[in-house]
Amino acid sequence: MLHFDSDYMEGAHPLILQKLSETNLIQTSGYGTDDYCASARAKIRTACHCPDAEVHFLVGGTQTNATVIKALLRSYEGVFAADTGHISQHEAGAIEAGGHKVLTLPHHFGKISAAQVENAMEAFHSDENHDHMVQPGMVYISHPTEYGTLYTKDELEALSAVCRKYHLPLFLDGARLGYGLAAAQTDVTLEVLAQNCDVFYIGGTKVGAMFGEAVVIPNPGLIPHFFTLIKQQGALLAKGRILGIQFDVLFTDNLYETIAGHALKMADKLKKGFSEKGYPFYMKTPTNQQFVILTKEEMERISSFATFCFWENLADGRTVVRFATSWATKEEDIDQLLARI
């Protein structure tokens with residue numbers, strides 16, 4: 001079988017495994033207080049052009065989202081997100097289980113806009129019963145989105161402006177951030193994120209690491225006692241150096257964006273091959289997630305030799321499915337897939 005289900009099906013980049021092996025028997029302090037984590041933090045701060053930023057290493061994406069959102073919200077507040085957002089669709093109600101409502105906004109190919117947030121806030125405050133309602137307390141977006149689409153710098157700046165107007169922290173889920181940073185013609189960089197987001201994270205699990213995410217808080221002290229909250233949420237790794245080593249390697253010699261660029265090259269080849277064979281796409285996406293429209297018969301035939309992810313059913317009976325490439329996708333696997341479809 002050829003596997004295109006997701007971008008976290010492989011283990012870790014060989015350079016990470018090599019460094020983990022080389023440092024395996026070195027004794028360090030725990031919980032991210034070691035020299036490897038310090039080095040990784042310094043490299044991330046440099047990449048973000050944000051020398052004072054807090055950088056915390058957590059074990060996974062769902063834990064990161066749940067921890068950050070719970071830390072930023074009061075008990076009576078909820079979080080704005082696209083109705084297709086990961087926290088709304090694919091985290092098993094982790095945010096609601098933490099006591100907060102996800103306040104969904106209609107998406108446009110995975111994205112929400114500053115105008116939507118502004119309109120939602122105006123509607124909330126104009127409702128005479130708003131004291132009886134869940135109060136919006138922050139905004140959650142992802143980049144790339146669940147549809148592989150990207151925000152522009154202008155869109156992020158507009159969102160940031162409206163969030164600051166209403167005192168709403170802007171939190172960006174970067175589980176696949178590498179694939180966004182490496183995309184052609186994007187004008188969003190780590191520096192842009194640090195300038196516009198109150199909190200964002202750099203995904204490792206889906207971009208070369210065995211596991212782990214790096215949370216960046218550009219303005220230190222925004223979340224008091226965040227380390228303790230990470231521990232409380234079960235997202236703190238005792239052997240924290242395992243996370244630090246991985247991000248230290250990923251942020252050496254631009255490895256993070258380089259390997260993400262490989263995934264995009266493979267996605268472009270996949271996209272071109274499907275297009276040449278007459279398969280329609282649900283939308284144009286510049287990242288590693290490609291959404292193909294298949295008939296029932298095509299789904300059954302292709303699933304006999306390749307795996308992919310169901311996305312949504314269309315009114316005409318066809319189905320949107322996702323093919324995802326990764327930092328480790330082999331070109332020969334793309335060739336085999338295209339030959340067999």
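In this predicted model, the buried residues of helix 11 pack against helix 1, helix 2 (35-48), strand 2 (54-58), strand 7 (199-203), strand 8 (213-217) and helix 12 (255-276). Nine of the ten residues of helix 11 are buried, so this helix is largely enclosed by the rest of the structure.

**Helix 11**
- The buried residues of helix 11 include Arg 241, Gln 246 and Asp 248.
- Also on the list of buried residues are Leu 243, Gly 244, Ile 245, Phe 247, Val 249 and Leu 250.

**Helix 1 against helix 11**
- Helix 1 spans residues 14-22 and helix 11 spans residues 241-250; the two pack at an angle of about 135 degrees, and their axes lie 9 Å apart.
- Because of this angle, helix 1 is oblique to helix 11.
- The crossing of helix 1 past helix 11 is right-handed.
- From helix 1, Leu 15, Ile 16, Lys 19 and Leu 20 meet Ile 242, Ile 245, Gln 246, Val 249 and Leu 250 of helix 11.
- Sorted by class, this contact comprises seven nonpolar residues, one polar residue and one charged residue.

**Arg 176**
- Arg 176 lies in the loop between strand 6 (170-173) and helix 8 (177-181).
- Arg 176 counts as buried because its relative accessibility is 6%, and the cut-off for buried is under 20%.
- A polar contact of 2.5 Å joins the side chain of Arg 176 to the side chain of Asp 7.
- Leaving aside residues up to four places away in sequence, Arg 176 touches Ser 6, Asp 7, His 143, Pro 144, Lys 206, Val 207, Asn 288, Gln 289 and Arg 322.

Technical notes:
Residues numbered from 1 in each chain as written. Predicted model: local features only at pLDDT ≥ 70, side-chain atom pairs only at ≥ 80, totals over all residues. Heavy atoms only, no water. Axes fitted to C-alpha atoms, helices over the stretch in contact; angles between N-to-C directions. Helix = DSSP H or I, 4+ residues; strand = E, 2+ residues; numbered from the N terminus. Parallel < 35°, antiparallel > 145°, perpendicular 65-115°, else oblique. Left-handed = near helix turned anticlockwise from the far one by under 90°. Contact = heavy atoms within 4.5 Å. Nonpolar A, V, L, I, M, F, W, Y, C, P; charged D, E, K, R; others polar. Buried < 20%, exposed > 50% of the residue type's maximum accessible area, 1.4 Å probe, protein only. Polar contact = N/O pair within 3.5 Å; in protein donor to acceptor, adjacent residues only side chain to side chain.
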